[in-house]
Amino acid sequence: MSTNDTAAPILSARGLHHSFGQTEALRGIDLDVHAGEVLAVMGPSGSGKSTLLHCLAGVLVPDGGSVTYRPAGRSAVETSALGEPERARLRLSDFGFVFQFGQLLPELTAADNVSIPLLLAGTRRPEALRRSRDLLERLGLDGLGAKLPGELSGGQAQRVAVARALVTSPAVLFADEPTGSLDSLASENVLTLMLELVREAGTTVVMITHDARTAAYADREVIVRDGAIGAGYRVSA
Amino acid sequence: MNPGLFRLAVVGSRSAYGRLAGIAGGVAVGVCLVLLLWGGANGLSARDDRGAWLRETGRPAVAVPAVSGDPSASGPATPVPMTAGTVLMRTNPVEIFRDQLINRRDFAALSPSTVKIPGIPAPPEPGHYYASPALQRLIESTPRDQLGDRFGQFAGTIDDSALPGPDSLVVITGATEAELRLSGRASLVSDFTTNPYGGSAAAYNTVLLIGAAAVFFPVLLLISIVTGLGAAQRRERFATLRLIGASPQTVSSIAAVETAVPSLIGAVFGVVLAAALRPAAAQIPVNGTRVFEADLATGPVAASAVVAIVVLASALVAGYRTSRAGIGPLGVTRAVHEKTPTMWRAVPLMAGLAAMITAVVIIRVLEVHLPWLESPLLIGGFVLILAGIVVIGPWLTQLVSRTGLRRARSAAAVIAASRIHKTPVATFRSVSGLVIAVFVVSVFAGASSVIQTTEAPAARPGLLQPTSLHATVGTGHTPARVLEAAHRANELPGIRSATIGYGPAALHERDAGPEIFLRAADAPALGFENIPESETVAVDASLLHFWTTQPLALSPAPARALEGLVPVVMVLGTDGTPEAMDRARTAMNSSGVTAIPATSPMDNKLQSSTRLIQGLAVLAYLGMFLAVAIAGLSLAVATASAVLDRKRVLGLMRLMGMPVSVLRRIITREAAVPLLTVLFLSVGLGFLVAWLMVTGIDDSYRVAWPTPDYFIALGLSLLLALAAVTATFGLIRGNTAMAATRFE
Amino acid sequence: MNNSLTLLGLLSRGPSYGYDLKHSYDRYFGAGKALAFGQVYSTLARMVRDELIRALGEETGGGPDRKKYEITVAGQDRVRAWLFTPDVPSESLQSELFAKTVIALLLDDDAERLLDVQRSEHMARMRELTRLKRDAGLLQVLMCDHGLFHIEADLRWIDLTGARLTQLKKELQSA
């Protein structure tokens, strides 16, 4: 396991609180994510998993507490203190995202979908398309680059989403139920290929799942219950 | 069907209320406009009917017997006597006050007379007049020497039933028979025509129908766009209904009812709105005069018909669209694939052009007159072209987007071009209103360029000065009397000169000469330079024609040439102020020596703008404004729904770090590409169609370069498009925020 | 399922007769498989020998069922150690975990922690199996999957039980 207790964690959350109206989604969460580890965030529906992920990824600014991101070779930033434009830039350059479904633009081909983050980052289109096709090939999608999302199976579409999340070589990959709408074999395929790529690149992964078999791909898991890290949380041996 | 299911379908969720309100609001605006336009068309036609009597020209008041054996020669004219059943009428074509044309009719009648002159109880006594209320107000508020003296004694007002509108300036004056016969311009009238358009009725109706189609089409597009609001959300909901066992027919009928209910509410509201706006609409001047408010009323039958048609049509279209969408129990899980537009989409446009060209060929080349064929060809062709532009748009858009996609470099360009390429019909629908508006504006601009007002002539030496008025002198007036009238006029404030021209006989007589003789001393007052060194000079009589645009030169005339000549023309030079002009006009016309009403070179401008077809130009600009406004509204609505339909995926893109500015650029491109693609086609077609229409109606008309108004309208349309798209930017930020990405 | 530790756990609620112990056991865990008296007494005897429990003063006409037993301090330690030591995930685990949960609730101890500890153990085992799969042949992958699915079933039971602890406790206490 690449968890290194002596190095400072790449992401650390301290005392996170967040509410949606009357509903308290997070009530005091402390969490460290170490560089290169694959962390599974488990917990029942409505426990606050997604809110935690959104706070860690700088999508949401928590009502209370702080999130610090320590990129390799750069100085640490408190993402929870940045404005939306800075956070958006950070998300684009340093983070990747995979969701359960419906994240591909239906009118774009698979290769174009994957190339969008590169184009946003200023890469020229031919170069972006070449890198997209390479990555699609590594995910076992050779020759499907010209297909539209509607023409792909669920598992293939999810692998395209993984390619899009990884095409910019992000430092942290955030996955929210990445295999939530797939059958066992398809989800195993997606997970195996995804984790192969991230372990090779040393990408840190924060993955929400309620599925134990998916969580078993992680190095460790935390359980969120009623907006707090579950009592059973401990770094497993 | 289960009423509970209906309730569920119609007010399914809170978010549905926004969509329902959008449909109701859009339909209300549409129905209100339809009713006001309908009322306007009715009003104009009622107005033209009431004003028809002013077109009566009567029969000649003199009989000219042909000389036997010589068809080219004619005998001396003999007056046709007046009877109890006829009156003598004289029309003054240039009764002008300031810059307004007054419809003046002078009548001489026997007493008693059985002729009924519209709007007044009996023909006025000589020296008395009946005026329309608007004119009477004008007379009373103006010094008499500028206006009132022209007509005499006020006898009463003309009834509204003989007036086109509340602002109409009409005067009916009484005159003696001798006075009218002497002028040589009187005609005999026994009754008044009721046909407002004379021989051009068919052409006029054709133009009116084409104008109506041009204005109604954008309204229909608006209604069609608002009823399609929130289609994506609706598809999901219908899929759920299918899953719990509703048949495709049930879902279709739910869609129909769901659209019909807000449409009905909107349509009824539109009727109320139209009634409320009627007084305001009546204030809009069309062709120089407002419309009587009562003319704009459409009546309950028309209103019910519009409501019924709109509700029925929107319900049927919604039902049909839903059944076409093929919603299964598993919903539309995959992107809805539009059928790729093909070249067949060019067919309606080509057919429309062919129809209009055929009509023009029949009229102009074959020179056969087949009104039963021409009008349907022109109108049908026009409607086909309107529909054809909407039909061909997606195909052209797709052609452009294919190239665009290959050349796209930025993320926004790739996303926008891909969407347009895959859904050209949906993206083009957003801008179809604006494209149609531009087409309509171009047609109107092209058509109204033929009736552009003629520029007022500049003051040039060798021509009559624009600030001068002239009138020919009647037969039998002694030089002394004419001279005295000229002196009297010359003493009025603002009048600088009074010149008399001489000739062998009054200008409308056979013995009139080709030249007019003047005292050389008077020549500078007429604006002449290079005056020959002689006491008397001569100038060609064409000096008096308004179509003379080349300066004329004076030639020296033998001394004492004026002896034995009679005064033929009086010219008053003024300081150019409207008061002086009107004073001069009043003085000349009431002098009793002039044979024609005083005219100024400026009058031609006013006269040309009073052609019948000019009324359409105002209607055209009104139509332009409506079309452009509606189109802007449609674009905003369509762009908003394009954002709403994709809020989840766009929200996820933002979550991944795509800046809002990129989203804005995507939305802007999606509107700009189809708009610009078809815009030039619209402009070109608009002018082509205008030319076809105009040449089809009358070969004396020419299409000219459009006025600045056109470019203003065009620029306004583009600005409006920009505003419509910008207005949705707020929506982008709000609807692609975190909440939009939650899995529900 | 470890009968002796379960009986020891029941006894840690307070001194009890062997006869009553058997009936308590049957009520909570003996559905369709009641404990024999003989097994109860031999177990009790063994635990007395191991000094986990001790018999209180014998009453007149005393057979084994007339004897009252009490848990010793060593016995109490033994019960707690049992409760909070996760078991190796296996197919037969559920009844044992079930017994532990019930005992913990009866003793008013932290049943949630017990479940969490077991969940961690399960997850660790699943991770191990998942890692094994990475470079394994299909046959071994299928074997690992078999294990993974069974452990997952336990985990689901743990999750569900965890969500129902409050309700379960109420039911046990009112019984």
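Which residues of α12(B) are buried? I looked these up first, counting a residue as buried if 20 or more other C-beta atoms lie within 10 Å of its own, with C-beta atoms placed from the backbone. In α12(B), the buried ones are B:Ala411, B:Ala412, B:Val414, B:Ile415, B:Ala416, B:Ala417, B:Ser418, B:Arg419, B:Ile420, B:His421 and B:Lys422. That makes 11 of the 12 residues, so the helix is largely enclosed by the rest of the structure.

A note on my source: this is a predicted model, where local features need pLDDT of at least 70, side-chain atom pairs count only at pLDDT 80 or more, and totals for chains, interfaces and linings use all residues. Residues are numbered from 1 along each chain as its sequence is written, while chains are lettered from A and ligands numbered from 1 in the order in which they are written.

Next I turned to the sheet in chain A. I took strands as DSSP runs of E, at least two residues, and helices as runs of H or I, at least four, numbered from the N terminus. The sheet is open, with 4 strands in the order β2-β1-β4-β5 and antiparallel pairing (a pair needs at least two DSSP bridges). β2 (23-33) and β5 (77-78) of chain A stand at the edges with a single partner strand each, so one side of each has no neighbour in the sheet. I found 2 bridges joining β4(A) (residues 64-69) to β5(A), and A:Tyr69 stands opposite A:Val77.

Last, I checked chain C. I found 8 helices and 3 strands there, and 30% of its 175 residues count as buried.
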